[in-house]
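Morning, everyone. Here is the model for today. Have a look while I talk.

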Amino acid sequence: MTRTGFVHQALCYGSDDEFLEGTLEFVRDGLAAGDAVLAVVKDHNIALLGQALGSRSGDVEFVDADDWYGYPSRTLGQYHAYCADHGTDRRVRVIDEPLWAGRTDFEAREWMRYESLLNVAFAHSAHWILCPYDTRTLPADILLTATRTHPELALGARMSAPSGRYADPADFYAECDATRPAAPLPEDCDDGDDRDDIRFARGRSAAVRGALAAYARRSGMPEQRTYDMVAAVHEVLVNAVRFGGGGGVLRLRSDPDYVICEVTDDGARNWAMPGPFPGHLPPDARAVGGHGMWVVRQLSDLVAEDLGPTGSTVRMYFRRPGAFIRPPAV
């Protein structure tokens with residue numbers, strides 16, 4: 001099957017046969033058309049699809065979903081880089097099967113947002129993304145949300161239909177913030193680490209970076225992630241000083257899973273509303289500005305923001321060593 005323009009479909013499957021029915025011809029059609037084909041799926045589905053493709057399996061790039069779906073902003077960045085490298089002169093077809101087991105409500109919300117943002121990030125491309133959802137294991141709210149974040153539903157081999165529940169990404173983005181807010185900032189650390197509130201202003205960036213690095217090391221963060229944390233927080237602090245009234249507070253907390261860095265600025269009368277989806281979409285590499293929040297999201301594991309003229313808050317999460325995704329509830 002040939003299509004023009006960007007295509008984003010959800011495939012709900014309840015058996016191995018249904019998975020193959022929905023994906024096998026998708027891959028074969030792509031290979032026949034000369035498309036680049038990437039399958040990022042669970043290891044069980046890699047084996048299924050590889051065996052069914054036989055000798056053509058070597059023409060598909062397979063990636064275990066466990067190695068790809070760490071955090072949504074970085075995953076979107078990986079897909080963007082892959083398509084830029086492989087899709088300059090041809091279409092890229094992707095089988096995109098995110099992992100949902102063990103996510104907190106906040107983490108699941110961000111993965112739902114990621115699925116919606118794919119419609120914006122690749123809107124002007126000719127790529128085709130097919131997202132399998134296993135109805136045997138996924139909860140009802142995840143399956144329902146798939147119908148709201150995908151314009152089309154795949155119904156089997158070469159068959160699809162528009163999703164009657166599809167939500168405009170801007171509306172869905174706002175809904176995510178309204179209905180699934182991030183958890184309150186921890187008041188006390190569960191493991192005895194101290195908490196820090198650091199006032200910042202113009203000219204104090206070196207002192208703040210030093211205090212942040214010290215806190216990260218006390219929290220057991222590896223050296224590279226400490227560098228990433230300092231770089232991400234510094235970018236947010238620079239924006240807060242420049243656009244948020246010249247100063248504010250950096251709050252540092254820990255919970256069993258994350259070191260959390262929250263930057264709140266003082267607000268500014270000349271504050272300008274940022275563009276939609278701040279920092280979620282890859283910026284134009286040729287643009288002079290507009291890269292800051294994209295870099296912040298790529299360096300952080302999760303980011304939540306609440307932006308406004310009376311004061312903005314950006315909260316960055318960095319997973320702690322030894323903190324693992326929880327197993328699914330039984």
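Mean pLDDT, the predictor's confidence in each residue from 0 to 100, is 89 for this protein, and 92% of its residues reach 70 or more. This is a predicted model: local features need pLDDT of at least 70, side-chain atom pairs count only at pLDDT 80 or more, and totals for chains, interfaces and linings use all residues. Residues are numbered from 1 along each chain as its sequence is written, and side-chain values use heavy atoms, with hydrogens and water left out.

Now helix α1, residues 16–33. Helices are DSSP runs of H or I, at least four residues, and strands are runs of E, at least two, numbered from the N terminus. Its end C-alpha atoms are 26 Å apart, in agreement with the 26 Å that 18 residues should span at 1.5 Å a residue. That expected span is 1.5 Å times one less than the number of residues. Among the buried residues of α1 are Phe19, Thr23, Glu25 and Asp29. Buried means under 20% relative accessible area, exposed over 50%, partly exposed in between, with a 1.4 Å probe and protein chains only. Their cover includes β1 (7–13), α2 (43–53) and β4 (92–96). Gly34 follows α1, with a positive phi near 80°.

On to α8, residues 223–243. This helix has 21 residues and reaches 30 Å, close to the 30 Å expected. Its buried residues include Arg225, Asp228 and Met229. Gly245 follows α8; its phi is positive too, near 95°.

Last, Thr145, in helix α5 (residues 140–149). Why does Thr145 count as buried? Because its relative accessibility is 13%. Beyond neighbours within four places in sequence, Thr145 contacts Met112 and Phe172.

Note on methods. Contact = heavy atoms within 4.5 Å.
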